[in-house]
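Please walk me through this model in the viewer, stop by stop. Tell me what to select next and what I will find there.

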Amino acid sequence: MVDELFGAAPDFGAPLISGTVPRAYLDLNRAPDELDPALIEGVRSSGVNQRVLAGLGVVPRVVAEGAPIYNGKIRLTEARDRITQYHTPFHMKLERLLHRARESFGNALLIDCHSMPTEALRAAPKINGAIPQIVLGDRFGASADRTFIVEVQAAFERAGFIVARNAPFAGGYITQRYGKPAQGLNAIQVEIDRGLYLDQKTIEPSPAFDEIKRLLTRVIEDLVTASREPQKFAAE
C-alpha cells in the first residue's frame, strides 16, 4: 500500500521500484546472509545480530507482534530459493538505478519508503510536544549528505507533516548498503505512521488515504523540483 501512496513518482520523472513479495515471506530490507538458525535448518549462529535474534531476519520467524509465522523449521534450500527469486533481482535493479542516476547527475538520492505501526511511536521523542508522523533515517548522517536530509525533511514539513529524524528508526539494511555519500550515493529511509492512512485493525485504507496520497505527491513534486535547482542539492 505504501507503493500506492508514492505512486505518482514516475509522473515527475523519478523512478519507482516496489517490492512484490510480502515482508513476512522475505524481507528485502535485510542482508541476504541474515539467516535465522532458529527457523532455518542447517544454519549456524554467527555472532550477535539483534534483528535475527528477534526473529526478524531475511526470512522472518515472527510477525511484528511476536507471533510465530511457522510451526517448525524450513529448509535452507527454500530460504535460498526465496533470496534468489526475489531479493537478488530487486537489489540488482535498485543498484543499477542508483548508479545510472549518479552517472547522469553526479549524485543519486534513494528514498526508501516504509510504514510503521502507530504504537511504535509511543516512545519516540516528541516534536514541539507532538508525536511525529514521519521518521526520516539517515543513520545519523552516515547514509546521506546533510544537504539531502535537510531538504527532504523540509519537503515533508511544507506538506504539513510532523517530522523526526533517526528515532525510533535510523535506517536499515538498504540505507546502510546504498548510502555512501562520499561516493555520490545518498539513502534516506522514510517511515510513515500507518494510522495516517490505514485502519490498522482491518488493514483497509482509511477515509484519509486519498488526502495523505495527495500530500505525499506534493512532497515528491517538491523534491523533484528541488533536484533541478543545483543550489539546493549542492553538496556541502
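**Stop 1: helix α4**

Select residues 146-158. This is helix α4, with 13 residues; from its first C-alpha to its last it reaches 18 Å, close to the 18 Å expected at 1.5 Å a residue. Bear in mind that the model is predicted.

Now color the buried positions of α4: T147, F148, I149, E151, V152, Q153, A154, A155 and F156. Show what surrounds them. These buried residues pack against strands β1 (108-116), β2 (134-137), β3 (163-165) and β4 (185-193), and against helix α6 (209-227).

Go to the N-terminal end of α4. D145 caps it, with a side-chain oxygen 2.9 Å from the backbone nitrogen of T147. Then look past the other end. G160 follows α4, and its phi is positive, near 100°.

**Stop 2: helix α3**

Select residues 76-105. Helix α3 has 30 residues, so at 1.5 Å a residue it should span 44 Å; its end C-alpha atoms are 41 Å apart, which agrees. Center on T84, where α3 bends by about 35°.

Which residues of α3 are buried? Show L76, A79, R82, I83, H87, F90, H91, L94, L97 and L98. Their packing partners are β1, α5 (173-178) and β4. G106 follows α3, with a positive phi near 90°.

**Stop 3**

Leaving aside neighbours within four places in sequence, F161 is in contact with Q133, I134, F156, L196, I212, L215, L216 and V219.

**Stop 4**

Select R30, in the loop between α1 (2-5) and α2 (50-53). Is R30 buried or exposed? It is buried, because its relative accessible area is 9%, and the cut-off for buried is under 20%.

Show its contacts. Not counting residues up to four places away in sequence, R30 touches R23, R51, L56, G57, V58, H87 and Y173.

The side chains of R30 and D27 meet in a salt bridge, at 3.8 Å from N to O. D27 also counts as buried, at 5% relative accessibility.

**Stop 5**

The model's salt bridges come to nine. Side chains of opposite charge can pair when their charged atoms come close.

Select R51 and E34. They form a salt bridge, with the closest N and O atoms 3.1 Å apart. The pair links distant parts of the chain: R51 is in helix α2 and E34 in the loop between α1 and α2, 17 residues apart. R51 counts as partly exposed, at 27% relative accessibility. E34 is buried, with a relative accessible area of 5%.

Then select R177 and E95. Here the closest N and O atoms of the salt bridge are 3.4 Å apart. R177 lies in helix α5 and E95 in helix α3, so the pair ties together parts that are 82 residues apart in sequence. R177 is partly exposed, with a relative accessible area of 28%. E95 is partly exposed too, at 31%.

**Stop 4: backbone details**

Select A167 and P168. A cis peptide bond joins them, with omega about 10°. P168 sits in the loop between β3 and α5.

Move to F140, in the loop between β2 and α4. Its phi is near 55°, a positive value in a residue other than glycine. F140 is exposed, with a relative accessible area of 65%.

Finish at I203, in the loop between β5 (198-199) and β6 (204-205). What is the phi of I203? It is near 60°, a positive value in a residue other than glycine. At 51% relative accessibility, I203 counts as exposed.

Key: Residues are numbered from 1 along each chain as its sequence is written. This is a predicted model: local features need pLDDT of at least 70, side-chain atom pairs count only at pLDDT 80 or more; totals for chains, interfaces and linings use all residues. Side-chain values use heavy atoms; hydrogens and water are left out. Helices (H or I, at least four residues) and strands (E, at least two) are DSSP runs, numbered from the N terminus. The expected span of a helix is 1.5 Å times one less than its number of residues. Buried means under 20% relative accessible area, exposed over 50%, partly exposed in between (1.4 Å probe, protein chains only). Contact means heavy atoms within 4.5 Å. A polar contact is a pair of N or O atoms within 3.5 Å; within protein, one must be able to donate a hydrogen and the other to accept it, and residues adjacent in sequence count only if both atoms are side-chain atoms. The bend at a residue is the angle between axes fitted to the seven residues ending there and the seven starting there. A salt bridge is a side-chain nitrogen of Lys or Arg within 4 Å of a carboxyl oxygen of Asp or Glu.
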